[in-house]
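Here is a short report on one structure.

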Amino acid sequence: MNPFLARRWMGTGLLIVLLLLSPLYLSQNAYRMSVVTGGFFYAILASSWVLLAGIAGQFSFAHMAIMGIGAYTSGLLGRDLGMSPLVGIVLGTLLAGVTGLLIGFLCLRLRRAYLALFTIAFSEILRLILLTEFQYTGGANGLRLAPLYRGITPVVGYYITLGLLLGTMSLMYWLTGSRFGLFMRAMREDQDAAAAMGVNVVRYKIMIFVFTSMIVGLAGATFYHQVGILTPNTMEVLQMSLVIAMAVIGGIESLLGAAVGALVSRIGLEMLREINILGLHIELGAWRYAAFGLILMITLRFAQNGLVYPLLNRLFPQQVRKPLTAKQSEKSGGSPS
Amino acid sequence: MIQLDVRNICKSFGGLQALRDVTFSVGGNELIGLIGPNGAGKTTLTNVLDGVHKPASGQVWFNAQRVDGLPPYEVARRGIGRTFQITRPFLRMTVLENMLVPALALHPAARKRDLRGRALEVLAFLTIERLADEYARSLSGGQQKLLELGRLLMLDSQLIILDEPFAGVHPKLRETISQFITTVNEQGKAFIIISHEMETIFTLSRRLLVLNWGQLIADGPPEVVRKDPAVIQAYLGAEEKVGPAAGRATHA
């Protein structure tokens, strides 16, 4: 095996083992456990958004809204029709996929800022409907969701969410390594040129919306059955911005970078609630988001590949780049321009 | 051997008539130059041929199949490939990945590793195989033009439309590109080449189409077209500037 690839596999294996063993320490404190479990949930959201926006070039703001569709569907079916959470999760995932299909169709001709504005509008409309129709949705008081099963412990919830993260990450990595991944990147670079090269841009654009929507629908439905309550505020643009910020800090073109970025950001944000410096106790409250915003601004200005991705790349390089660059080769007698 | 029939194509954008009743045919492995002043409708015609624009009226037939109105990817898979006036490689993808995109689109059942060998062969033919693992953005303008040509070879296009392949390239590379076009043409592929490089296009092509204000005003061998009074008046400017020694023509 390629030594660089072996090193990557080893690093990934170590990370997984670390995550699998973490409950031995974390289970002593339910709060820490829930923070890390929430980190896994945000890691799914951020990495799937990276697949949609960073790799396929579809800059959507509807990710959290679609996640909410999955979660609300499962919750409402359980509350009103008495369906088990498992059936609700399956149907929630499917409805999220159908929503992705509709958005994909409606946004076929929209690119960049127009797509972003369209999906912001969609998210806000959905949030306002959920808020206004409180007799059905619980409104601002939220919708109570049954637990996945009676007697579920935080440790089990941790492993379920971790399993979901590892499963979706594996699926997304497989996809990006396939022809689909190659076409997605070609679409991101230039949709018209991709079409001129025989790529059915319409089909792949819709497919990527459906695929990522199903992932976040599944994640949302599963996670909120553990949390127990869901409010429309989880779907607001600010929450979406948080996911995007996590992805940008992690690395906007790296699934693993975004996932690690989200996990670290989530834990970091919780740690910043209260800090002790030289015996001085400071409660940062909402100011921690300002600190987070500052990190985001610094990342965008000085490290557009994110903070986590370059670090991972340094620790686990893909391959040694050839020293010969195109321009150098020209000087040494290559094709003239 | 291909057969392209363009029949009475009209296309307008608002009040501007970009193409007026354009009719011509391409058969076998013809090597055709398409010239005309800026705004004559050359790129619009290309966009109609490759499916980007649907014509207002008229039809395009390729190998006995009607292709006007088909989406660009369908037209590309049926054998009409095109490059763009400004090169459009997939910049943040490697040269090899750029080559694999059209090949995988054309052969849905094939695997990447099966097509890799063919891609490297084409890159070797274009003398840029050592750049296979480089990002396309690190290539020079001329190398990017070669890469675009390579992608069309991977798409196995039977009719290749090149939009300004010689624009902004070093004279030595212009010769190299001309040589590649001649070689590929001799292998049976037809070409329509849009260019303002008069010397090169008059030497390279065996037939010239001239567009002016969306109308096809001349269609014939270069030596006949260069003496056509309508062409001289509309495009070439003055009779004494016509001919291989004229270099870049003065545009209307």
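## Core and contacts

The largest nonpolar core has 162 residues, and A:L45, A:A46, A:V199, A:V243, A:A259 and B:V101 touch the most other members. A nonpolar core is a set of buried Ala, Val, Leu, Ile, Met, Phe, Trp, Tyr and Cys residues joined through C-beta atoms within 7 Å. Buried means that 20 or more other C-beta atoms, placed from the backbone, lie within 10 Å of the residue's own. Helix α3 (residues 30-55) of chain A gives the largest share of this core, 15 residues. Helices (H or I, at least four residues) and strands (E, at least two) are DSSP runs, numbered from the N terminus.

This is a predicted model: local features need pLDDT of at least 70, side-chain atom pairs count only at pLDDT 80 or more, and totals for chains, interfaces and linings use all residues. Residues are numbered from 1 along each chain as its sequence is written, while chains are lettered from A and ligands numbered from 1 in the order in which they are written.

What does A:A46 contact, leaving aside its neighbours within four places in sequence? Its partners include A:V243, A:M246 and A:A259. Contact means that C-beta atoms, placed from the backbone, lie within 7 Å.

Now the two chains. On chain B, 40 residues are in contact with 26 residues of chain A. The largest share of the chain B side, seven residues, comes from α3(B). By class, this side has 21 nonpolar, eight polar and eleven charged residues. Ala, Val, Leu, Ile, Met, Phe, Trp, Tyr, Cys and Pro count as nonpolar, Asp, Glu, Lys and Arg as charged, and the others, Gly among them, as polar.

## A helix pair

Helix α3 (residues 95-106) of chain B also meets helix α4 (residues 112-125) of chain B: their axes come within 9 Å and cross at roughly 115 degrees. Axes are lines fitted to C-alpha atoms over the stretch in contact, and angles run from 0 to 180 degrees between N-to-C directions. The residues of this contact divide into ten nonpolar, no polar and two charged.

## Strands of chain B

Strands pair if DSSP finds at least two bridges between them.

| Pair | Bridges | Direction |
|---|---|---|
| β1(B) and β2(B) (residues 16-28) | nine bridges | antiparallel |
| β1(B) and β4(B) (residues 57-62) | five bridges | antiparallel |

B:V6 stands opposite B:F24 in β2(B). B:C10 stands opposite B:S57 in β4(B).

Methods. A residue is buried if 20 or more other C-beta atoms lie within 10 Å of its own, exposed if 12 or fewer, and partly exposed in between; C-beta atoms are placed from the backbone. Two residues are in contact if their C-beta atoms, placed from the backbone, lie within 7 Å.
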